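Please read it alongside the sequence and coordinates.

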Number of protein chains: 6
Amino acid sequence: MLLHLSTWPEVEAYLQRSQGIIFPIGSTEQHGPTGLIGTDAICAEAIAKAVGETTAALVGPTINVGMALHHTAFPGSLSLRPSTLIALIQDYVKPLVRAGFTRFFFINGHGGNVATLKAAFSETYAALLELNWPQAEQVRCQVANWYMSKSVMQLAQELYGHQEGSHATPSEVALTQYVYPEAIKAAVLDPLLAPSGHPIYNAIDFRRHYPDGRMGSNPDLATPEHGQSLYEAAVKDLSNTYLQFLAQS
Amino acid sequence: MLLHLSTWPEVEAYLQRSQGIIFPIGSTEQHGPTGLIGTDAICAEAIAKAVGETTAALVGPTINVGMALHHTAFPGSLSLRPSTLIALIQDYVKPLVRAGFTRFFFINGHGGNVATLKAAFSETYAALLELNWPQAEQVRCQVANWYMSKSVMQLAQELYGHQEGSHATPSEVALTQYVYPEAIKAAVLDPLLAPSGHPIYNAIDFRRHYPDGRMGSNPDLATPEHGQSLYEAAVKDLSNTYLQFLAQS
Amino acid sequence: MLLHLSTWPEVEAYLQRSQGIIFPIGSTEQHGPTGLIGTDAICAEAIAKAVGETTAALVGPTINVGMALHHTAFPGSLSLRPSTLIALIQDYVKPLVRAGFTRFFFINGHGGNVATLKAAFSETYAALLELNWPQAEQVRCQVANWYMSKSVMQLAQELYGHQEGSHATPSEVALTQYVYPEAIKAAVLDPLLAPSGHPIYNAIDFRRHYPDGRMGSNPDLATPEHGQSLYEAAVKDLSNTYLQFLAQS
Amino acid sequence: MLLHLSTWPEVEAYLQRSQGIIFPIGSTEQHGPTGLIGTDAICAEAIAKAVGETTAALVGPTINVGMALHHTAFPGSLSLRPSTLIALIQDYVKPLVRAGFTRFFFINGHGGNVATLKAAFSETYAALLELNWPQAEQVRCQVANWYMSKSVMQLAQELYGHQEGSHATPSEVALTQYVYPEAIKAAVLDPLLAPSGHPIYNAIDFRRHYPDGRMGSNPDLATPEHGQSLYEAAVKDLSNTYLQFLAQS
Amino acid sequence: MLLHLSTWPEVEAYLQRSQGIIFPIGSTEQHGPTGLIGTDAICAEAIAKAVGETTAALVGPTINVGMALHHTAFPGSLSLRPSTLIALIQDYVKPLVRAGFTRFFFINGHGGNVATLKAAFSETYAALLELNWPQAEQVRCQVANWYMSKSVMQLAQELYGHQEGSHATPSEVALTQYVYPEAIKAAVLDPLLAPSGHPIYNAIDFRRHYPDGRMGSNPDLATPEHGQSLYEAAVKDLSNTYLQFLAQS
Amino acid sequence: MLLHLSTWPEVEAYLQRSQGIIFPIGSTEQHGPTGLIGTDAICAEAIAKAVGETTAALVGPTINVGMALHHTAFPGSLSLRPSTLIALIQDYVKPLVRAGFTRFFFINGHGGNVATLKAAFSETYAALLELNWPQAEQVRCQVANWYMSKSVMQLAQELYGHQEGSHATPSEVALTQYVYPEAIKAAVLDPLLAPSGHPIYNAIDFRRHYPDGRMGSNPDLATPEHGQSLYEAAVKDLSNTYLQFLAQS
């Protein structure tokens, strides 16, 4: 059930049976010479929709732009500053809590979002506890990274081994190829396996060490078929995770 | 050309021929008993994609949640506070300016966004002028409301007359019916023509005066065929507006 | 009744009969070679005082500096950033709401304030609804632009036609001449009718397109007598608007 | 020379001979049963205008609302939060620095403003030094409290001795009587001499200890004639202070 | 009783007998060629610990970095911006108020903190009053500057007379020598008595006028024995001040 | 070399040989019935000082209060909101960068700080890149959690196995016992091994699931001797980590 394709009376009815909502959160950032700039949002959105179907959960609109400041030296990359993303999460959560939602499950496609999301959850809880709303104490937020779910990691290891890398990975590229086969890109990757090992600091330092944007990956290995398998693995894993989240005491 | 389906080298190449980018901006808010909560984002996104094709322009990811605080007494409505949306716009614009973009065209589907967007543009210009980036002086932002384009307003008048209203209008409902025919909703509208005339103040006051969420509209008049006509009218109008924006001295 | 010339027991007594307050809001910005930098504040203040007398309303202190970032490339222009003005409006409104005021009527002299004021009202309503004050739901804010009142626009059209323009207009200059006849300025206007038609972007772009600060106007047409007529028209119109605002269900 | 009654070319000419500007800053807060709510703004504005004339200095618009949170339990009192006032001061100063101003002299009528103003100056200096504007290093801000100038304090001591108190003082009431003789108020003061000695904490605590708003004062002693003497003393003292400020190496 | 060396049940027990807490607040800033960068924090912390022992009060962790923007042109100086320090104070106070604390006593070692602390107290009170917590009205904050306590000022006058100066004073240097005799520094002071009399503006202006960082002081006069005497004087004075603060009606 | 016990000329000299600085960051939060509220700050500070000695590095003042909002339902716990901590980190870093520092190494004692610190680093880098300071591109920040260093984790596993838990662990309690043997606390732990497994949400939820504050730990196992071993292991590990951080290309 997609929030964007629902009416408010449908949401009112949904709240009678569930207080949970899923938000896909991605990023709009370079993913190397062949990866789509929307990769993280595309993956998160596709998986979230299917998790929503599998679990009969409401799925909110995709947060398309995340915390990707370190990618902004590549043209076309956008980012929220962490403090903006913290404000955004609060703004999203508050009216939904007032309406009765208490379980917020963020299906995330971008590692750079995790730290800020966690900070945002903390700040949001504290702000809610100041409001004296009875349901404020019940609110719980969780982030689930699709690329770190057990089945996905196992499959990626089998398919790509050490060529998976950590940014513009064949896994995520494959998943976008499955979702948007019409947007499969070709480019010479040089070197085929991108450099790795340098920590992430600022945007200019990042580009200096990762000149084509990839980190330790060889996305040439990606195929749409892999993408479908990864997608299915992620949907299965995260559906379980979501149901456990709801069932938690 | 969709930013999300492009690679950074493609954006780099695009910048050689154009410094313009289009952002669809909508809202996630109640649209009456039969209107989709995502109506404003759906309309803005669909139109923006077509304007991008018509004008060979780059289209960024949709800003799905806008300034809809006055709708938040209906379940499922989200909103950014104006100060958050101002921060978000700055965050979106700055790295793109650094990359070379100077023309930002926001195709907007929600009246409630306009004031905050204009405030955000002002704050963004001032912040950019403090940065001493040579291109900062060249930056221009414009908001174009699809529902106020000349052809759209004329067509809506012909189709619906005074039953168009101002929120959950048959025009916007029709457009979503055209885009998502599988999500056409049915519900008894009572009264058929919603009340109108009360100004917008806070969320509770809004719901008190507009109990089912509609403002002066009869969305029962909407059909997918109307939606297609309205869509085509909007795309034509806004394509022209965008090209004029680029051509401006 | 001017707040600045009242005592707190007088305000306490006033609250027994009315919960409304009027705030003049202007700007401190260039108004061309002959227009006063305080034009917008002067007009708003003079009209607000008279509206207050006509309607027995309390009039708060003038907000002298508004949102005029686009004028700041001319010496002597000041501006609040939108986010500061949003904070300011909240700060003004909150203690008055706690004291019992629920109707806030801003008589505005500057077009550049409107968007930010509307954003500020939205943010203020939302902040108030979080406070659990019983009267928070009753709070209503309205902005009334004196220069757009029906009688004023009609009179300006009669007096100046297309030479009215949109900044440093003969109307507003005339009104300041009526209020401050000792401060009537003379300068050669070249060209007599200022250029027009370029949208407002950043401060440097603004000055490039409007080199002497005027937009499409010929303020040489202004006379103190016109000013008096415009003033009287505005006071009459806005007094009615204020009373309707109070009477609104 | 009043900024509000000047044109931008006049300001441009003024900058050739001086880089100084004076801002009156007051407050909008209760001043006991007979003191005007605008007392602090009225005093600061009247004195600043005369200092401006005496020293041929430019005088900006009055900051009518200051930091008076502790007075907000009395109806009609307004306040900026300190963080808002800090933002406001930065916003005022920045465009003037860009235009060439480097000396900012705040004539202050309210003790509660001082701490926040000093904090604001510090924050503003630091923000300016980040901008790489050549003149940023030259910027200096100073606050001058008229009620603490040497001649004023001496005169107040002679006229009122220990009945001067520290809020709603006969001195400030007298000065407003001189400026607005038509707004002299009468009320029974009970006790004639207000309580004193309790430090200032929050607004509710304040009103509990100072039930009619006065602090240690007997404003019944005020006369318009005293007001004139105090005004003249303040203008003389602060004119000297301003000139010394400008002359400082 | 040090908060850092206590357990939460010990704090719970403490709250049964007292609702007061002491926070040392210092700064991390240059103190001339021989003064320690931590001088202000070291002094505040040492005195606060002893005041805590003397009065059986709970002492919180030292706020090591204060508002010292004007010192930041000297290497090793840190500062919070005033707006950050205001946020920090609120964050410290709120959970303690929720736990039952209502008296906050800041023992301060740095003049530059005072204005911002006062602003922070005001902003904190106002924020607390919005929360509808019953104890919010009871909250009181006070800053006590050890270097301005009566006995300390008298002793400093006797020991150093006009060579005390106002920054990097022999008093504070002596106190750090008493606390950290192993960190007594030697350097040629040239001139022996630092210049004085120039107001504090921005960091670059400060260093230009106070080239070695001292203001009007001769810290060569400091001895650890003086430091002990000053320390004991401060502890005695501030213990009394704290007890009076608690006893206040 | 402790910043607090150094003079600015000593820092100036230090900068000739190193551009690195270490900041201990802890927290002020409950650590169960026997753990000190200052545990995280005490551990981080003690280790940082020794790492500073081992590596001849400059050590800044301890950040005593971190992000511990989830602990604030226990009396005596403090916390910065994430957005405040983000602002604080920026404020600390900026003047040091201007002075020439480019390597910032945070030795951290509290898991709850990590997410916000990472967010803060990102926001700080982006802010620095806007400043056009030549050294801004060189700035790197790293957080090192002493409790997760390899030797420490191995030792904790050997000493405590599954009784280590994740909050109020015997490891951290032992380390504080070593540093402050005079502050070893005794209390009945019931149950001896605290509950575990519930994720961290808001403060009230936390206390409901972890009623005495411990998470999965048995701090009764701690001894000062263990503490010494853990301390030495941490110092050795983090000294290496710091030197690698400096040596990184």
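## The sheet of chain D

In chain D of this predicted model, four strands make up an open sheet with the order 2-1-3-4 and parallel pairing. Its edge strands, strand 2 and strand 4 (140-145) of chain D, each pair on one side only. Strands here are DSSP runs (E, at least two residues) and helices are DSSP runs (H or I, at least four residues), numbered from the N terminus; two strands pair if DSSP finds at least two bridges between them. Strand 1 and strand 2 of chain D are joined in the parallel sense by two bridges, and Ile22(D) lies opposite Val59(D) of strand 2 of chain D.

Helix 4 (residues 111-129) of chain D packs on this sheet, where it touches strand 1, strand 3 (103-108) and strand 4 of chain D. The direction of helix 4 makes about 175° with that of strand 4 of chain D. Such angles run from 0 to 180 degrees between N-to-C directions, with axes fitted as lines to C-alpha atoms, for helices over the stretch in contact.

Residues are numbered from 1 along each chain as its sequence is written, while chains are lettered from A and ligands numbered from 1 in the order in which they are written. Local features need pLDDT of at least 70 and side-chain atom pairs count only at pLDDT 80 or more, whereas totals for chains, interfaces and linings use all residues; side-chain values use heavy atoms, with hydrogens and water left out.

## Helix 1 of chain D

Helix 1 (residues 8-17) of chain D has the buried residues Trp8(D), Val11(D), Tyr14(D) and Leu15(D). Viewed down the helix axis, these buried residues fall within an arc of 105°, so they line one face of helix 1 of chain D; the arc is that of the directions from the helix axis to the C-beta atoms. Buried means under 20% relative accessible area, exposed over 50%, and partly exposed in between (1.4 Å probe, protein chains only). Gln16(D) and Arg17(D) are exposed on the face turned away from the buried side.

The buried residues of helix 1 of chain D pack against elements of two chains: helix 7 (203-209) of chain C, and strand 1 (20-25), strand 2 (58-59), helix 3 (82-99) and helix 8 (224-247) of chain D.

## Strand 1 of chain E

Six of the six residues of strand 1 (residues 20-25) of chain E are buried, so this strand is largely enclosed by the rest of the structure. Gly20(E), Ile22(E) and Pro24(E) are buried on one side, and Ile21(E), Phe23(E) and Ile25(E) on the other.

Strand 1 of chain E runs parallel to strand 3 (residues 103-108) of chain E, with six bridges between them; Gly20(E) faces Arg103(E) in this pairing. Two bridges join strand 1 to strand 2 (residues 58-59) of chain E, also in parallel, with Ile21(E) opposite Leu58(E).

Chain A contains eight helices and four strands, in the order α-β-α-β-α-β-α-β-α-α-α-α from the N terminus. Buried residues account for 67% of the 249 residues in chain A.

A rotation of 180° with 0.0 Å of shift along its axis superposes chain B on chain A (RMSD 0.0 Å). That is the relation of a two-fold axis. In chain B, the C-alpha nearest the axis belongs to Thr84(B), at 3.3 Å. Copies are superposed by least squares on the C-alpha atoms of residues with pLDDT of at least 70 in both.

Notes: Contact means heavy atoms within 4.5 Å.
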